[in-house]
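These are my notebook entries on what I looked up in the structure shown here.

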Amino acid sequence: MNVVASAATMELEDFVLRLTGPLTLETTAPLWRQAALLGATDGHDARIDVEGVPRCDTAGAALLIHLRRLLGGVAIEGASEQVRFMLDVMDRPCPEPPTAPPADRRPGMVETLGTFATQVLRNAADTVEYIGGLIAGFGEIALHPRRLRWPDTIVYMARTGADALGIVVMINGLMGLILAFQMGAQMRQYGADTYVADVVGMSIIQELGPLMTAILVCGRSGSAFAAEIGTMKVNEEVAALDTMGLERTRFLVMPKMVALLLMMPLLVVFADLAGVFGGMVIGTTYLDQPIGVYLGNTIARIGLWDVGQGLIKGEAYAIVIAAVGCLRGLQTGKGAQGVGVSATSAVVSGIFLIIVVDAILTVIFHAL
Amino acid sequence: MPSETPPPPEAPAPPATVDAIVRVRGLRAAYGDVTILEDVSFDVKRGEVFVILGGSGCGKSTLLKHLIGLIEPAAGTIELDGTDLTASTPAERRELLRRFGVLFQSGALFSGMTLEQNVALPLQEFTPLPREAISRLAQLKLSLVDLDGYEAYRPDEISGGMQKRAGVARALALDPPIVFFDEPSAGLDPISAAELDQLILDLRDSLGTTMVIVTHELASIYAVADRCIVLDKARQTIVAEGHPATLRDESDDPYVRSFFNREPALAGRGGR
C-alpha cells in the first residue's frame, strides 16, 4: 500500500514500514488514517525505516511511537539526529504508575439513597448551625450594638437601598399602571371602575409592592452578597477570617443583614407610593377619574394595618434575601465557576423562599 | 577545708519535645475516602524556622490547613503551644487560633480594606487599645515590612510581593508566638522572594517568632530553614527530617536526593 501526503509517504513492503518526507502536523494526518489499517506483525521481523525522514515535530514523533506500538514494539531505524532527539523527548516512560482512577461503577439503590440521605442531613445540620449563628448574631447586636461593623453596614445600606431605589420605583410604578389598566378595562364594562383605586391600592400595598421589591432586591443584592462572599472564599479571605478567630457571621453576614433590614421598609414604602401613582395615572387618564377622587378612594380603603402587613413582609423578605445570599456565598466551591453557581443559586433559592414566606404570611394575616 | 557537698541529684532529663510549640502525632489527613497523608508525626521547636517540603500534590498545604485548624484530621492529634487543637470546642479553637498568625499563598488581604485597616483588624477585634494606638501600631507593623507610606492603599493597588509583605504585617499584628506561611515565595520574582526570606529571618531573630513554612522553593529553603520535613506523595508520609543541606548531602532516600538536587525522577529516558 502507498499513501501520499502533501510531503510525506508511508509504504509497507516485506514487513518494513518505510516513511519518507518531513513528519509534521501538516503532513501526518493522512498517515494516521492509513495507520489504522495496520495490524501486529505476528512474530515477523518487522521494522520501521525512517531514513527518508529529514525532520519531525511532536506530531511526527507521536505517529512514529504509535506505529511502533501498533506493530508490537518493533525497532525504528535510520533516524536522523533530530528525529532521534524528538523520539527521546516524546517517548518517556511514566515516572511512577499513576493512581488508578476510581472504578466507574454504578452505585446500588441502597447506596444512592444512603448517600442522598447523608447529604441531606449534612446540609440540614449546616443550615441549622448557620441559623443558630444568625440568631446568636442578632442577640449579640441587640446586647452590644457597637459590636456591629457599622462602617460596612452603612456601605451596604447605600448599595442595597439607595442604589436600588430607582429600579424599585420604576418597576412598581409600572406594575401599578399595568394593574390599573387591566382591571380598568374589565371593570368598566360592569360600571365598577370606581373600585379600581381600591383594588390597585390593596394589591400593591399588601402584596405586589413588597413582593416585587423583594424579587428585585434578591436579584441585585442577594446575588451580590453571594458573589462577594464567594470571591472572598476563593481568595482565602474567609479562611483568613477563620484563622484570625473572627466569626464569619458577625463579620460577613450581620452587616449585610442589618443593612437590608433597615433599607427594606423604606424601599417598600417607595414601592407602594410608586405603585399607587402608576394606578392613579391610568385612573385619571384612561378611566377619567379626578385625582382627588382616585386618591380619596385609595386612602379610604387602605388602613394602617394593610401598610403594616406589607412592611412586615418586607422585613421577612429582607431576612430571607440576606441569609440565603450569604449562605450561598459561604458554600461557594472552587474557582470562578463556583462563584457563578453561588450567585445563581442565591437568586433562585431566594426567590423561591420569598414566595414560600409570602404564602405563609398571607395566610397568617388573613387569619388574624 | 570545706566540706564536700554531695552533688545535687541529677534532674530527670526533659522529654525531647519539651520546647515544642507545635506537636503533631499520628496525623492522618483525608478528603472523604481518599487518604492524603498517613501517620505524620513531628515537632516544631520554639523559635525555629521549620519548613514543610515536598513535591506538588504531596499534601503540604493540606498539612498546613490541619495545623491552622481549617481542616480536622481523620486521626491523630495536633498540639499548639500545649493545647490540643483536635480536642477543643469551636470556641476554644477560635480562641487558640487567634494567637497564631497565618500568611496565605495569595496574601488573603481583605480587598475592601486599606492595608492599614487590614493590619488593624485583629487589633480592633482582640485588644482594648484606643483607635489612635491601633492606627499607630498598624503603621509600625507595615513599616516593619517596608511598606511605609502604603497605609491607605488597597490590596489591588499594590504588587504581589507587597501584598505578601502586608499579609506578614497582618499576621504579626498580635505579636503571635508562631506564624504559618503557605508558599510565601510563590509568584514572586527572585529579588522579592529573597527579600521575603530575609524578612522572615529578621522577624525570627528580632521577635523570636517561630515560623512554619510550606514551600518547595529550594532557594528559600536553604536560605531560611533551621529544620525541615520532606513529604512524599507516593508514600503519603514524612520521608526525611533534618537540616536541608544535611539531607541533600547525606540522605539515603532516592526521592529526597532527587528533590534537593533538582534531578528528574527518571534516571534516563528511552526504552528504544
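Against which elements do the buried residues of α5(B) pack? I worked on a predicted model, in which local features need pLDDT of at least 70 and side-chain atom pairs count only at pLDDT 80 or more, while totals for chains, interfaces and linings use all residues. Residues are numbered from 1 along each chain as written, chains are lettered from A and ligands numbered from 1 in the order written, and side-chain values use heavy atoms without hydrogens or water.

**Helix α5(B).** I found that its buried residues (under 20% relative accessible area, 1.4 Å probe, protein chains only) pack, by contact (heavy atoms within 4.5 Å), against α7 (237-243) of chain A and against β6 (101-103), α3, α4 (131-144), β7 (178-182) and α6 (190-207) of chain B. Because 11 of its 12 residues are buried, α5(B) is largely enclosed by the rest of the structure.

**B:Glu116.** Beyond its neighbours within four places in sequence, I noted contacts with residues including B:Ser135 and B:Leu142.

**Chains A and B.** I read that 26 residues of chain A are in contact with 26 residues of chain B, and that the rule finds three salt bridges across this interface. B:Glu125 forms a salt bridge with A:Arg250, with the closest N and O atoms 2.1 Å apart. The largest share of the side of chain A that touches chain B, six residues, comes from α7(A).

Conventions: Buried means under 20% relative accessible area, exposed over 50%, partly exposed in between (1.4 Å probe, protein chains only). Helices (H or I, at least four residues) and strands (E, at least two) are DSSP runs, numbered from the N terminus. A salt bridge is a side-chain nitrogen of Lys or Arg within 4 Å of a carboxyl oxygen of Asp or Glu.
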